[in-house]
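Hi,

Here is the structure I promised to pass on. Have a look at it first, and then read on for what turned up in it.

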Amino acid sequence: MIIAIASGKGGTGKTTVATGLAYTLARDGRRVELLDCDVEEPNAHLFVRPQSDCTEPVGVPVPRVDAEKCTNCGLCSEVCQFNAVACLPDRVVIADELCHGCGACVHFCPVQAMTETDRNIGVLESGRSTLDGVNKLHLRYGRLRIGEAMAVPLIRAVRRAAGPCDVTLIDAPPGTSCPVIAAVKGADFVLLVTEPTPFGLNDLQLAVEMVRALELPLAVVVNRSTVGDRAVWDYCRNENIDILLEIPDDRRIAEAYSRGLIAAEVLPQYAQTFRDLYLGIRDS
Ligand code: SF4
Ligand code: SF4
């Protein structure tokens, strides 16, 4: 089963839920693949403490022009949907940062003046958790190069890297744009983590729209459920969305998080909470 954990905005407790589920399910003997797809700011490794077994560079193909062959016809600029090619009077200029590596310009060049070369965008890291009593938890995560805008190909590489397992957990990037869609697409279930505040509700509504557009089943986790107002509950009731877990504003969870510890690791009562959450997802 592939479960994506997402949220409309950052800082809602997505990683707390993803690592809590991963730790609990692996402790119970399941083979778990945790994919941290928040490639701009991966942090699951700080909690899972993996022993690295692989680091691979990830690149995207970008075109290069052979000036000897180019007739300056301008077709490559016309077919590029991302404005990454400019045909100047005397040469063709490619803006690598804008190029999505779709290959259209290379394909349509009438004189085969274009070839592709790989541009590095980051690295894919893999490793097995070294947490006590957890030997079936494998973490994969991407680290996007600083200043790099092309997160989606790296997220796809993290998704592709998942090995055989009982449960795949995807820690998606925050927001509702292309990187999130790349992370959650193809999941069996999406868990949206939110907070009971006006901002939390607004971002939850956007996230629900995105997940519904992808036609994926979803449910909500309310983090810091003992603060704020009840608007999130009203919204979920009106939209027929299940709230599968409410995590109270527990200072001990925040302390564990700040020390790089998984809540279920140091507060055993939360292990049962995450076990129940998984059963709730399976029964949804
Ligand atoms: S399509 Fe090919 S020949 Fe035409 S401008 Fe681009 S690189 Fe040159
Ligand atoms: S590979 Fe695609 S995105 Fe990149 S320059 Fe060519 S047409 Fe544009």
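Before we get to the ligands: a residue is near a molecule if its C-beta atom, placed from the backbone, lies within 6 Å of it. Also keep in mind that this is a predicted model.

With that in hand, which residues come nearest to ligand 1? Of the 14 residues around ligand 1, they are C70, C73, L75, C76 and C109. Sorted by class, the shell of ligand 1 holds 11 nonpolar residues, 3 polar ones and no charged ones.

Now for ligand 2, which has 14 residues around it, with C80, A84, C99, C102 and C105 coming nearest. Its shell has 11 nonpolar and 3 polar residues, and again no charged residue turns up.

Most residues other than glycine have a negative phi. N72, though, has a positive phi, near 60 degrees. You'll find N72 in the loop between β3 (50-65) and α3 (75-79). N72 counts as partly exposed because it has 15 C-beta neighbours inside 10 Å.

N83 also has a positive phi, near 50 degrees, and sits in the loop between α3 and β4 (85-87). Is N83 buried or exposed? There are 10 other C-beta atoms within 10 Å, so N83 is exposed.

Cheers

Technical notes: Residues numbered from 1 in each chain as written. Chains lettered and ligands numbered in written order. Predicted model: local features only at pLDDT ≥ 70, side-chain atom pairs only at ≥ 80, totals over all residues. Nonpolar A, V, L, I, M, F, W, Y, C, P; charged D, E, K, R; others polar. Helix = DSSP H or I, 4+ residues; strand = E, 2+ residues; numbered from the N terminus. Buried ≥ 20, exposed ≤ 12 C-beta atoms within 10 Å, placed from the backbone.
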